[in-house]
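Subject: Structure handover

Hello,

Here is the structure I promised to pass on. Please open it first, then read the notes below.

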Amino acid sequence: RYQVAEKLIAPRIISRASDEPEGKGFSLLLRDGQLGANLIQRWLDDGVRVQSEETVPLNQWSHVILTYDGSRLASGVHLYLDGRPLRTRIDLDYMNQPFDVKQPLRIGGGLGPGSRFHGQIAGVRVYRSALNAEAAAVLAVGDTVSRLSQVPAERRSPAEAMKLRLCFLERDAPEEIKSAWKNLLDLREERQRLGEVDHASG
């Protein structure tokens, strides 16, 4: 989650990239009030750059997610705002070489001093596999499981209901159900990993 107090020129929310303008690496940023994602080998002609069509509200907390499926395509990059997928505009969609760099993960910085974030950032998480739309919606639910359990079922949003269901599967379900659920998650992760390998070798 983050809160930005003023409109700046492309402040970085999170990045792992060379600390210079248009540097190699990846970043999630706010540009002219819109979310953007950069996965860059060379700024002009080797990488992926996308930007949301929707403007992000200022002076309030927002939950944002960037996912990437390893495909080297702009279609494999997704942005979410408060659990909702955002329509994006593609500025660059040609990735020929990997964009990994030996740089630290920077929160609120990266790609030069002019890109520092001015505002508040909290609850940063990095996952080892790309989240799907369902998971993104659940992560944006701020209420605790205890609080949601007190809300009548007919008044819960789909994401709130899913958060309760996932909590049950991971914590309170019978052992055979928890085991089956874990196996399903492992299979999904393996399928995604194999897909990434296919993209990398294609």
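Start at Val50. Leaving aside neighbours within four places in sequence, Val50 is in contact with Leu35, Gly36, Ala37, Ala74, Val77, Leu79, Thr88, Arg89 and Ile90. Bear in mind that this is a predicted model.

Val50 belongs to the largest nonpolar core, which has 19 residues. Along with Leu28, Leu35, Leu39, Val48 and Leu79, Val50 touches the most other members. Strands E2 (12-17), E3 (25-31), E4 (34-42), E5 (46-55) and E7 (77-81) each give two or more residues to this core.

There is also a second, separate core of five residues, with Val138, Met162, Leu169 and Trp181 among them.

Next, helix H3. The buried residues of H3 are Ala159, Glu160, Met162, Lys163, Leu164, Leu166, Cys167 and Leu169.

On the surface, look for a nonpolar patch. Leu105, Ile107, Val124 and Val126 form this patch, with about 340 Å² of accessible area together. Val124 lies in the loop between strand E11 (119-121) and helix H1 (133-139). Val124 is partly exposed, at 38% relative accessible area.

Two backbone points remain. Most residues other than glycine have a negative phi. Arg72 has a positive phi of about 70 degrees. Arg72 sits in the loop between strand E6 (64-68) and E7, and is partly exposed at 23%. Leu111 also has a positive phi, near 60 degrees. Leu111 is in the loop between strand E10 (106-107) and E11. At 4% relative accessibility, Leu111 counts as buried, since the cut-off is under 20%.

Best wishes

Methods: Residues numbered from 1 in each chain as written. Predicted model: local features only at pLDDT ≥ 70, side-chain atom pairs only at ≥ 80, totals over all residues. Heavy atoms only, no water. Core = buried A, V, L, I, M, F, W, Y, C linked by side-chain atoms within 4.5 Å. Buried < 20%, exposed > 50% of the residue type's maximum accessible area, 1.4 Å probe, protein only. Helix = DSSP H or I, 4+ residues; strand = E, 2+ residues; numbered from the N terminus. Contact = heavy atoms within 4.5 Å. Patch = residues over 30% accessible without salt bridge, like charges linked within 9 Å, V, L, I, M, F, W, Y side chains within 5 Å. Areas by Shrake-Rupley, 256 points an atom, 1.4 Å probe, with all protein chains shown as cover. Salt bridge = Lys/Arg side-chain N within 4 Å of Asp/Glu carboxyl O.
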